[in-house]
Every structure is written in structure tokens, then in C-alpha cells.
Amino acid sequence: MKGKVIKYEQDNIDTDVILPGPYLKLHEHSELAEHAMEGMDPDFHSKVKNANIIVTGKNFGCGSSREHAPIALSASGIEAILALSFARIFYRNSVDGAYLLPIEIDEKTYSSISENDELEIDTSKNEIKNITKNQSYSMKPFPDLIGKIIAAGGIFKYKP
């Protein structure tokens, strides 16, 4: 997977800012996408026209267990989130629904990646290449079961 980066140098980005509460009544994914990141970044929709990867700090997706948050990000065009850590429910909602790739990175990788960098992610090698800076980083490997669910295209397509 290849893409450009939107970077939020912030920890604890919660589901209330990823998709604010008033929009939980929406069911169409395209409508949810219109409100993605509305709670913290009014320029998100112009950024996501040219980028499909978010890089951010610790505990991304904390807050409620709403599945709407990864759906809204995915429907807006985001394909992967590289974070220092994830809230577990957000992580599993992203994987189980096949909405996003939640990729855990270390501090050095996080510090090395900048807004608008072009990245290439190879989950089979657990490698992230920064094409812009001609650098390579390792990513935390997916646990075996998570890797199988991702490869299957989500929990409902996974056959143990």
C-alpha cells in the first residue's frame, strides 16, 4: 500500500473528535465520512483528498466503542493509521470490519515521518518505506490471529 501522510502530533485522539456524537444517528458510510475528524481538524477533508495515511501519537481511538469512528475514516479515504498505540476497541473495530490497517510504530519512526511524506507499507515484511526521505522503518508485527483476519478481509470473512 502506498500513500501520503496526514500527521497529528497528539495523543489520546478519541472517538468523539474522530466522529462527533451528533452524527452517530447516520448510517450511510458516505455521510459519516463527511464528518470524519470534524471534532478536531476543520481542514481534514481538503487534506484527505491527497492523503490516505494518518500518523499520530499514543492511544488513538480511545473513548467509546463506537464502530462509526473507523467507518468514517475509511469512507473518507483513509486506509491506514500509524500510531504509537491504539485503544483496543478501536483497533479491533478497524480490523474486524476491514475498515483500516491499524499499524503500531515506535517513537523513532513517529518522529521521522512528516506531514505529506509518501509512504509504502508492506505488512508481509513489517516494513514502512518513506519514499520522500529514502528511509525504512519497522512496524510492530500483527499478532497471528489479527494478520489472518486482515488477510481474510475482516472477521466475517475469516474462516479458522
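Which residue in β5 is the bridge partner of Lys-4? The partner is Glu-118, and it belongs to a set of three bridges that join strand β1 (residues 2-8) to the antiparallel strand β5 (residues 118-122).

This is a predicted model, in which local features need pLDDT of at least 70 and side-chain atom pairs count only at pLDDT 80 or more, while totals for chains, interfaces and linings use all residues. Residues are numbered from 1 along each chain as its sequence is written, and side-chain values use heavy atoms, with hydrogens and water left out.

**The sheet**

Seven strands, in the order β4-β3-β2-β1-β5-β6-β7, form an open sheet with mixed pairing. Because β4 (101-104) and β7 (135-138) stand at the edges with a single partner strand each, one side of each is left without a neighbour in the sheet. Strands are DSSP runs of E with at least two residues, and two of them pair if DSSP finds at least two bridges between them.

**Salt bridges**

The structure holds seven salt bridges, each being a side-chain nitrogen of Lys or Arg within 4 Å of a carboxyl oxygen of Asp or Glu. Three of them are tabulated here.

| Pair | Closest N and O atoms |
|---|---|
| Glu-104 and Lys-140 | 3.3 Å |
| Lys-133 and Asp-117 | 3.3 Å |

Asp-117 is buried at 4% relative accessibility, whereas Lys-133 is partly exposed at 32%; buried means under 20% relative accessible area, exposed over 50%, and partly exposed in between (1.4 Å probe, protein chains only). Glu-104, buried at 11%, is also linked with Arg-88 and Lys-140 in a network of salt bridges.

Notes
Helix = DSSP H or I, 4+ residues; strand = E, 2+ residues; numbered from the N terminus.
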